[in-house]
Amino acid sequence: MVQQRSRRTDRTKMLLLILLPIAVFLVAISIGRYPVSIDSLWDALVSQLTGAEMDTGELALIRVRLPRNLMAMLVGAALSLSGAVYQGLFRNPVVSPDLLGASNGASFGAALAILVGSRAATIQLSAFLGGIAAVVLVAAMNALVSKRSNSIVNLILCGMLVSSLFSALVSFIKFVADTDTKLPAITFWLMGSLSSTLLSDLYVFWLFLPACIILLLVRWKVNILSLGDEEARMLGVNVRLYRWLIIGCATLLTSLSVSVSGNIGWIGLVVPHFARMVVGSNYGKLLPASMLIGSAFLLLVDTVARMLITVEIPLGIITAIIGAPFFFFLLLRSKRGFVS
């Protein structure tokens with residue numbers, strides 16, 4: 001009886017979590033400086049699919065607001081999922097997706113592309129490659145260190161070193177950038193924004209999708225890996241294989257997210273904790289919940305960013321304003337002085 005009630009409660013929670021981003025999307029798509037109704041969205045979609053002529057409002061809805069909202073949901077889900085699996089993999093509740101330097105590497109790639117005057121697509125590609133390169137460098141450094149002592153702490157330390165290195169390189173690029181044109185562009189990009197998202201940018205969904213599917217398929221392994229390397233080996237799990245598979249997928253998601261939205265902090269750190277408060281610490285439930293809550297959260301933040309004042313607020317500012325107090329609340333809530 002108790003088990004049936006528990007299962008019923010879990011299904012209800014998951015249903016509500018599925019409805020959450022849908023509800024936020026319907027609200028976000030309909031409000032703005034040019035309010036539209038849900039019927040207008042349907043008419044615009046039909047016109048887009050049939051090739052019929054669209055008026056100005058429908059064009060703005062399909063080519064500006066719709067892709068921006070969908071991208072916000074995609075990036076929020078990806079960063080939250082990456083943060084959740086990293087917290088389990090590294091058995092550390094204060095871990096975020098930029099632990100191994102992917103965010104700073106992507107920031108360096110984007111800053112370098114902006115410095116040389118590249119186009120938007122090249123900036124995105126450079127950011128993506130920069131994030132991948134940072135984690136590859138971490139893996140190479142860890143391989144050298146692991147010849148003497150194989151420890152997950154070494155991997156974290158290598159990530160800190162690479163992250164610091166790329167952060168310094170970004171600072172150097174900002175130092176030499178033209179203060180009238182390039183420096184403002186780099187600074188604004190680093191603070192995170194989805195204002196330039198176009199319908200054609202949604203192709204990244206097909207790059208996000210495989211990594212998300214793999215992480216969701218191995219979410220039960222994350223439960224085992226969170227117990228520790230020795231315990232995981234005793235249970236028959238290939239620790240090295242699954243660790244690098246998870247790191248590779250999380251790196252892909254983080255690099256893609258930063259390449260299309262800039263550096264948006266706190267989502268991958270705070271959202272998994274909020275999801276843990278809702279569904280518990282079982283990663284079988286925690287990973288899907290983190291994705292759903294993260295997609296709704298970033299979409300809500302993006303809606304606030306474009307509606308709050310006349311000038312659009314960078315997303316990284318709002319996520320920090322929300323995330324820091326919430327994380328402090330978690331610290332106060334924890335009896336041991338850290339998030340458990």
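User: Let's start with P288: which residues does it touch, not counting residues up to four places away in sequence?
Analyst: Before anything else, please keep in mind that this is a predicted model. With residues up to four places away in sequence left out, P288 touches L216, R219 and Y283.

User: What about helix α8, what span should it have and what does it have?
Analyst: Helix α8 runs over residues 205–217, and at 1.5 Å a residue its 13 residues should span 18 Å, which agrees with the 18 Å between its end C-alpha atoms.

User: Which residues of α8 are buried, and which are exposed?
Analyst: The buried ones are F208, A211, C212 and L215. Looking down the axis of α8, these buried residues fall within an arc of 100°, so they line one face of the helix. W206 and L217, on the other side of α8, are exposed.

User: Switching to α14, how many residues does it have and how far does it reach?
Analyst: Helix α14 covers residues 315–333, which makes 19 residues, and it reaches 27 Å from its first C-alpha to its last, close to the 27 Å expected at 1.5 Å a residue.

User: Which of its residues are buried, and what covers them?
Analyst: In α14 the buried residues are L315, G316, I318, T319, G323, F326, F327 and L330. Their cover includes α7 (182–191), α12 (267–279) and α13 (283–307).

User: Now charges: how many salt bridges are there in the whole structure?
Analyst: A search of the whole structure finds 5 salt bridges. One of them joins the side chains of D302 and R68, with 2.9 Å from N to O. D302 belongs to helix α13 and R68 to helix α3 (residues 56–89), so this pair ties together parts that are 234 residues apart in sequence.

User: Are D302 and R68 buried or exposed?
Analyst: Both D302 and R68 are buried. They are also linked with E312 in a network of salt bridges.

User: What does D229 form a salt bridge with?
Analyst: D229 pairs with R91, and the closest N and O atoms are 3.8 Å apart. This pair links distant parts of the chain, with D229 in helix α10 (residues 229–234) and R91 in the loop between α3 and α4, 138 residues apart. R91 has a relative accessibility of 37% and therefore counts as partly exposed.

User: And R233, which residue is its partner?
Analyst: R233 forms a salt bridge with E230, where the closest N and O atoms are 3.5 Å apart. Both residues lie in helix α10, 3 residues apart, which is about one turn of the helix. R233 counts as partly exposed at 42% relative accessibility, whereas E230 is exposed, with a relative accessible area of 53%.

User: On to α4, why does S107 count as buried?
Analyst: S107, which lies in helix α4 (residues 102–115), counts as buried because its relative accessibility is 2%, and buried means under 20% relative accessible area. Leaving aside its neighbours within four places in sequence, S107 is in contact with V170, W189, L190, V258 and N263.

User: What about L115, which residues does it touch, not counting those up to four places away in sequence?
Analyst: L115, also found in helix α4, touches I173, V176, A177 and K182 when residues up to four places away in sequence are not counted. The C-alpha atoms of L115 and V176 are separated by 8.8 Å, while the two residues are 61 apart along the chain. L115 is partly exposed, with a relative accessible area of 24%.

User: Last topic, which residues make the nonpolar surface patch?
Analyst: The patch, of about 610 Å², is made by L15, L16, I18, L19, I22, L26 and I38. Helix α1 (residues 2–30) supplies the largest share of the nonpolar patch, with 6 residues.

User: Where does I22 lie, and why does it count as partly exposed?
Analyst: I22 lies in helix α1, and I22 counts as partly exposed because its relative accessibility is 44%, with partly exposed falling between the 20% limit for buried and the 50% limit for exposed.

Conventions:
Residues are numbered from 1 along each chain as its sequence is written. This is a predicted model: local features need pLDDT of at least 70, side-chain atom pairs count only at pLDDT 80 or more; totals for chains, interfaces and linings use all residues. Side-chain values use heavy atoms; hydrogens and water are left out. Patches are made of residues with over 30% relative accessible area and no salt bridge: like charges are joined within 9 Å, nonpolar side chains (Val, Leu, Ile, Met, Phe, Trp, Tyr) within 5 Å. Accessible areas come from the Shrake-Rupley method with a 1.4 Å probe; for residues, only the protein chains shown count as cover. A salt bridge is a side-chain nitrogen of Lys or Arg within 4 Å of a carboxyl oxygen of Asp or Glu. Helices (H or I, at least four residues) and strands (E, at least two) are DSSP runs, numbered from the N terminus. Buried means under 20% relative accessible area, exposed over 50%, partly exposed in between (1.4 Å probe, protein chains only). The expected span of a helix is 1.5 Å times one less than its number of residues. Contact means heavy atoms within 4.5 Å. The arc is that of the directions from the helix axis to the C-beta atoms.
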